[in-house]
Amino acid sequence: MKPFPRLLSALFLVLCFGYGCEFESTNQESAQEGEWVDRFDNFTDWGIYRGDKKGNQYSELDQINTENVHLLEPVWEYDTRVLTGPGMQSNPIVIDGLMYFADPAMNLVALDATTGEELWIIEPNNYHDEDIAKGQLLKGVVYWEDENGDNQRIFHFVRDIVFAFDPTTGEIIESFGDKGYIDLKENYVWDADYLEGQIQVTTPGITYKNYLIVGSKINEGDTAPPGNIRAFDTLTGEYQWTFHTIPQEGQPGYDTWEWEENIIYGGANPWAGFTVDEERGWVFAATGSATGGIHGGGTSRKGKNLFANTVLALDATTGERQWHYQAIHHDIWDYDLPPPPMLATINSEGEARDVVVQTGKHPTMLILDRDTGEPVFPVVEKPVPTEVVPGEEAYPTQPWPLKPEPLVRTSMYESDITDITPESHEAVLEKFRKLKTGPVFTPPSIEGTITTPGIHGGNEWGGPSYDPETNTAYVNVNNVPFILTLIPRKPDQYGEMTDVRRGEVTYNSQCAACHGAQRQGTMGVPSLVDMQINTDSIRTVVTEGRINMPAFPSISGEDMDNLIMYLEREIEETSRSGMDTTLTFEGENDFTWSGERDGLKWSTSTPQYVPELDYLTDHMGLPGIKPPWGELVAVDIDKGEIKWKVPLGEYPILADSLGIDKKTGAENFGGLVTTAGGLIFIAATEDSKFRAFDKSNGELLWEFQMEAPGFSAPSVYKIDGRQYVVIVAGGGGRRYRSPVSQPIGRTVHAFALPDE
């Protein structure tokens with residue numbers, strides 16, 4: 001940490017509090033006497049990740065509005081001075097005039113929110129024995145103070161460590177946990193040694209009173225841990241409670257799984273954070289799929305699989321389940337629920353009604369009663385295709401809301417093939433005729449199945465924004481089909497478990513989804529055949545990540561050595577994936593499949609597969625379906641009706657190379673903000689543009705070209721009578737091919753109206 005900026009920080013606060021800097025914060029005044037309410041849980045400040053604890057991503061500020069947004073101009077920029085993979089997606093929070101966020105190197109940065117002046121910067125490696133701040137993204141940080149406004153701290157999440165720092169000085173708070181931090185490998189269900197490199201926090205936790213509630217992103221392979229939700233004391237770091245997203249024996253939901261004795265059950269983790277209803281004292285989460293699905297290539301873990309792909313309401317002080325609603329049964333498509341549940345209060349026939357709004361990679365929007373979890377609009381169990389690979393058992397039905405109508409397309413047939421150019425159509429048609437297709441929930445296959453929507457949408461981690469004035473939720477979505485292919489994995493009998501064979505098992509579970517079953521490369525991800533880098537470089541890239549490749553700190557020790565031996569070995573030119581693909585697994589046989597990671601072993605007689613994931617694209621790398629490929633959608637959640645849709649983003653290659661200026665929309669990640677000024681701000685598109693739309697009709701009113709995409713939510717706040725809009729242009733988080741360059745960035749951009 002730099003020593004001198006502490007004086008600047010302290011001086012800044014003294015000047016502001018002594019001479020009356022204006023900070024917008026109104027919620028504390030409305031709290032009843034004796035009630036502990038977070039003063040930043042409002043629609044005016046931006047002191048909480050995504051704006052408020054209910055996840056509305058809404059601002060009551062209206063100084064910038066539809067009449068003057070065209071005058072919006074840059075007022076400051078902050079250069080993080082570090083440019084490292086996999087990018088930067090932090091949504092900055094603003095506390096009493098100071099801005100906090102995580103930079104690309106996982107440093108915690110504090111700025112003057114009016115000028116962008118750096119006040120201090122913390123390098124977390126200085127406070128830990130290990131080099132923990134590599135190859136990770138963090139979407140935000142958490143501020144907390146006690147009921148008297150004392151004991152202030154910023155919680156900073158680095159891999160599986162949670163630090164507590166003083167927000168004024170940047171000093172570590174040694175009374176929290178073990179000399180300033182807690183280790184999330186402790187107080188799990190598994191032994192901490194098994195969890196090394198397996199869990200990391202990429203989205204900040206959330207606080208309720210003196211509880212810090214956290215989830216995690218996990219390794220998605222066959223040895224992944226369960227995605228537990230846990231709470232810790234905000235003052236001391238002491239462990240408080242756990243909710244098991246994969247039920248243990250005797251717990252509700254346990255009977256929805258078909259358990260195999262030697263299989264490891266992991267996943268079902270809320271990797272994109274939480275929302276909190278302070279009045280009810282409930283925390284809300286939305287979980288991903290169980291591991292061993294499309295990413296792991298596994299066909300075990302059959303059943304309905306509670307609490308995977310589920311909306312959860314828990315008591316924030318005990319972790320006790322209040323209600324749940326499962327959005328997807330036995331997910332074999334990677335249709336997890338990336339955004340946390342959004343808590344909205346709608347005006348229904350003149351009466352206020354609290355609801356929960358859940359979007360995700362699946363095509364529909366769920367609107368649930370907040371007290372009971374019951375759907376506000378009818379939901380039917382829709383029969384879905386069940387033809388699957390040997391060993392798999394697709395669940396026969398899936399929940400299907402009748403209102404609102406799907407936000408994105410739900411199938412792809414020959415008539416849906418792109419017609420952006422004749423060459424594009426022919427290129428996709430040639431691929432299309434070799435693949436399986438069908439309606440949404442058509443299972444992956446050995447031939448390759450076109451899945452619509454693909455595994456990048458509907459709606460990604462940014463989640464919707466809610467405008468309470470009009471009962472309208474705004475959602476950015478993707479219409480980008482994927483090809484999901486399952487390659488039969490060698491049974492144990494087809495290869496002695498040598499070190500190289502063990503390395504192949506690690507590769508199949510961790511790497512093949514991107515690099516291909518034969519290391520040939522897929523989706524623009526480079527081939528690993530005949531690599532021109534040495535052993536040490538391979539080890540560094542796998543451990544730390546590089547550019548758009550994420551880090552795999554879970555691969556270490558003997559697993560790493562075996563993986564490198566496999567990567568450096570020549571590929572057997574026998575057949576696809578180097579095996580006898582005529583082998584069938586139907587009927588009775590004595591085949592077994594097994595794997596191991598650092599002492600964690602699994603085995604099964606159920607056939608296993610290596611997944612291959614790819615975009616369905618034309619010859620230019622553009623989506624193979626007719627545009628729009630990215631859209632901004634407005635939904636009246638009181639009536640359950642879509643109000644309007646407009647294309648979101650564009651691909652410059654069409655205008656620059658082909659003279660096509662049609663607004664096709666573009667793949668998009670990250671969030672959006674709606675304001676009382678009638679605006680929607682969003683910078684989530686691959687074309688690196690920050691845009692403002694009219695929320696009443698979707699008209700584009702303003703845009704700004706940045707050096708990298710803004711895959712995060714904007715921050716909106718007001719200081720000394722001036723409204724600011726801030727976006728982090730950091731890119732990152734992309735593994736897959738894109739028709740535009742995917743730079744990672746290092747700049748924070750701040751905009752305001754001209755200073756009168």
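**Close-up views of a predicted model**

View 1. Strand β22 runs antiparallel to strand β23 (residues 366-369), and four bridges connect the two. Strands here are DSSP runs of E with at least two residues, helices are runs of H or I with at least four residues, and both are numbered from the N terminus. Two strands are said to pair if DSSP finds at least two bridges between them. Val-357 has Ile-367 in β23 as its bridge partner. Strand β22 (residues 351-358) is also joined to β21, by seven bridges and again in the antiparallel sense. Here Arg-353 in β22 stands opposite Ile-346. A hairpin is formed by β21 and β22, with two residues between them, and Glu-349 in the turn has a positive phi of about 55 degrees.

The structure is a predicted model, in which local features need pLDDT of at least 70 and side-chain atom pairs count only at pLDDT 80 or more, while totals for chains, interfaces and linings use all residues. Residues are numbered from 1 along each chain as its sequence is written, and side-chain values use heavy atoms, with hydrogens and water left out.

**View 2. An open sheet is built from β3, β4, β5 and β6.** The four strands follow the order β3-β4-β5-β6, with antiparallel pairing. At the edges are β3 (93-95) and β6 (118-122), each of which pairs on one side only. On average, neighbouring strands of this sheet are turned by 20 degrees against each other, direction ignored; axes are lines fitted to C-alpha atoms, for helices over the stretch in contact, and angles run from 0 to 180 degrees between N-to-C directions. Strands β3 and β4 (residues 98-102) run antiparallel and are joined by three bridges. Within this pairing, Ile-93 has Tyr-100 in β4 as its bridge partner.

**View 3. A further open sheet of four strands contains β17 to β20.** The order is β17-β18-β19-β20, and the pairing is antiparallel. The edge strands, β17 (274-277) and β20, each pair on one side only. From one strand to the next, the twist averages 15 degrees. Five bridges connect β19 (residues 310-315) with β20 in the antiparallel sense. The bridge partner of Leu-312 in β20 is His-324.

**View 4. Helices α6 and α7 pack against each other.** Helix α6 (residues 535-544) packs on helix α7 (residues 557-567) at an angle of about 120 degrees, and the axes are 10 Å apart. The arrangement therefore makes α6 oblique to α7; angles under 35 degrees count as roughly parallel, over 145 as roughly antiparallel, 65 to 115 as roughly perpendicular and the rest as oblique. On α6, Thr-535, Ile-538, Arg-539, Val-542 and Thr-543 meet Met-560, Asp-561, Leu-563, Ile-564 and Leu-567 of α7, where contact means heavy atoms within 4.5 Å. The contact comprises six nonpolar, two polar and two charged residues. In this classification, Ala, Val, Leu, Ile, Met, Phe, Trp, Tyr, Cys and Pro are nonpolar, Asp, Glu, Lys and Arg are charged, and the others, Gly among them, are polar.

**View 5. Tyr-335 and Phe-441 form an aromatic pair.** A search of the whole structure finds 35 aromatic pairs. The ring centres of Tyr-335 and Phe-441 are 6.0 Å apart and the planes stand at 75 degrees, so the pair is edge-to-face. Rings of Phe, Tyr and Trp (its six-membered ring) pair if their centres lie within 6.5 Å; planes under 30 degrees apart count as stacked, over 60 as edge-to-face and the rest as tilted. The pair links distant parts of the chain, 106 residues apart: Tyr-335 is in the loop between β20 (321-326) and β21 (342-348), and Phe-441 is in the loop between α3 (422-432) and β26 (449-451).

**View 6. Several loops hold backbone features of note.** Most residues other than glycine have a negative phi, and most peptide bonds are trans. Gly-457 and Gly-458 are joined by a cis peptide bond with omega of about -20 degrees, and Gly-458 lies in the loop between β26 and β27 (465-467). A cis peptide bond also joins Pro-627 and Pro-628, with omega of about 10 degrees; Pro-628 is placed in the loop between β32 (609-615) and β33 (630-636). Arg-159, although not a glycine, has a positive phi of about 55 degrees. The loop that holds Arg-159 runs between β8 (153-158) and β9 (161-165).
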